[in-house]
Each structure stands twice: as C-alpha cells, then as structure tokens.
Amino acid sequence: MSAREANLLGNIHGGEIVKLADSTAGAVAQRHSGGPAVTAALDEMAFLAPVHVGDIVRTYAQVNWAGRSSMEIGVRVEAQPWDEPSREQLHVASAYFVFVAIDAEGRARDVPGVEPQSPDEVRRLHEAEIRRSHRLARRAEIEAARRES
Ligand SMILES: CC(C)(COP(=O)(O)OP(=O)(O)OC[C@H]1O[C@@H](n2cnc3c(N)ncnc32)[C@H](O)[C@@H]1OP(=O)(O)O)[C@@H](O)C(=O)NCCC(=O)NCCS
C-alpha cells in the first residue's frame, strides 16, 4: 500500500483496511448471491498488527452464514513487506460484514444457503450464529431501554 494511504504515524490508515475488506466481502457476497449486494453492517473489525507503507496486502473472504437475504462474510487481511517475498504473511486484521442481496428496486432478495463441509466451515457457521444472536439481543435490549426512558 502507498504513502497516500498512511496516517500520521506513517502506517496505513485503518479506514483503508476497512475499505479493502469491505470491497472483498462485497465481491464474495455478490458471487454467492448471483447479483448485487450491499453492506448492511460491519459486525466486527479487529486490527491485529500495523500495516506499513510498501506492504503487499492480501485479503481472503468467504460466506460464513446466510439467512433469507443476508449473509455474513468473514474477511482475513494479511500483509507482507514488498521487498521480503520469503517472509511469512502476517495476519493483520479480521472483519465480519453483513451483506444483503438486493433486487433492481433495492429490495432484499433471497440468497442461497450455506452448506458447510469442512470442520473450519462448520466452525465459521457456528461462530456467525453466535455473532448474529448477540447482535439481535443487543438491539432488542437497546430498544427496550429506549422504550423505558
Ligand atoms: C440493507 C438494506 C437493503 C436492508 O433493507 P431492509 O428494508 O432493512 O430489509 P429487511 O428488513 O427486509 O431485512 C433484510 C435482511 O437484512 C438484514 N438486515 C437489515 N439491516 C441489518 C443490519 N443493520 N444488520 C444486520 N442485518 C441487517 C435483516 O436481518 C434481513 O436478513 P434476512 O433476510 O437474512 O433475515 C437497506 O437497509 C439498505 O439499503 N441499506 C443501505 C445499504 C448501503 O447503502 N450500504 C452501503 C453503505 S455505504
């Protein structure tokens, strides 16, 4: 990544990593759903290590869970110094996005389900369900608190 994307510390700005992860997740969501899909929520973004100017950054993403029209996409971001190709890629960030597939009118449309095969896919599905249930519970609690205030 280039110096144009750096923050005042000289590392890559976190927002640039979010944008990259969002773009990758969007591509995966559109492929899975066979059409347009929009970012509905960024459920979690963890920055694990700084990304430096000149690093080659790679993103990996998959559909962890699918509902009726929404999908959770997990993204892993790895970085490697541009001039050290033999150096192991460092896991620098992880993110979980919720995308919703939309039709031409912008309305939510149905998406194919997820059928986990490998142990990793089963684990990702289970963890996505945990995040979803926490998200829904948090929203319900906040709405209840607002009604009471
Ligand atoms: C995402 C969007 C299409 C959802 O529309 P909506 O009218 O709320 O749709 P629905 O109530 O029918 O919900 C559709 C699905 O989205 C999910 N959803 C909606 N808002 C959500 C949120 N904030 N977080 C997680 N899931 C959400 C619902 O749970 C539902 O999932 P399911 O079909 O798998 O059960 C709409 O809010 C939208 O267009 N948002 C703007 C998207 C955008 O511009 N993104 C780019 C940001 S810069």
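**Exercise 1. In this predicted model, which residues does arginine 131 touch, leaving out those up to four places away in sequence?**

Step 1. Start by finding the residue: arginine 131 sits in helix H2, which covers residues 119–148.

Step 2. Now list the neighbours. Arginine 131 touches Asp43, Glu44, Asn64, Glu72, Tyr96 and Arg124.

Step 3. Pick out the polar contact. The side chain of arginine 131 makes one with the side chain of glutamate 72, at 2.8 Å.

**Exercise 2. Does arginine 131 count as buried or exposed?**

Step 1. Take the relative accessibility of arginine 131, which is 13%.

Step 2. Hold that up against the cut-off: buried means under 20%.

Step 3. Arginine 131 has 13% relative accessibility, so it counts as buried.

**Exercise 3. Work out the order of the strands in the open sheet.**

Step 1. Begin with S1 (residues 37–47). It pairs with S4 in the antiparallel sense, over 9 bridges. As a landmark, look for alanine 41 standing opposite valine 98 of S4.

Step 2. Move on to S3 (residues 70–81), which is antiparallel to S4 and joined to it by 10 bridges. Here arginine 76 faces serine 94 in S4, and methionine 71 has phenylalanine 99 of S4 as its bridge partner.

Step 3. The edge strands are S1 and S2, each pairing on one side only. On average, neighbouring strands are turned by 25° against each other, direction ignored.

**Exercise 4. Why can we call strand S4 largely enclosed by the rest of the structure?**

Step 1. Check burial along S4 (residues 90–101): 10 of its 12 residues are buried, so the strand is largely enclosed by the rest of the structure.

Step 2. Next, look at the largest nonpolar core, a set of 24 residues in which Met71, Ile73, Val75 and Phe99 have the most contacts. Two or more core residues come from each of H1 (14–33), S1, S2 (55–66), S3 and S4. S4 gives the largest share, with 6 residues.

Definitions and conventions:
Residues numbered from 1 in each chain as written. Predicted model: local features only at pLDDT ≥ 70, side-chain atom pairs only at ≥ 80, totals over all residues. Heavy atoms only, no water. Buried < 20%, exposed > 50% of the residue type's maximum accessible area, 1.4 Å probe, protein only. Helix = DSSP H or I, 4+ residues; strand = E, 2+ residues; numbered from the N terminus. Pairing = 2+ DSSP bridges. Core = buried A, V, L, I, M, F, W, Y, C linked by side-chain atoms within 4.5 Å. Polar contact = N/O pair within 3.5 Å; in protein donor to acceptor, adjacent residues only side chain to side chain. Contact = heavy atoms within 4.5 Å. Axes fitted to C-alpha atoms, helices over the stretch in contact; angles between N-to-C directions.
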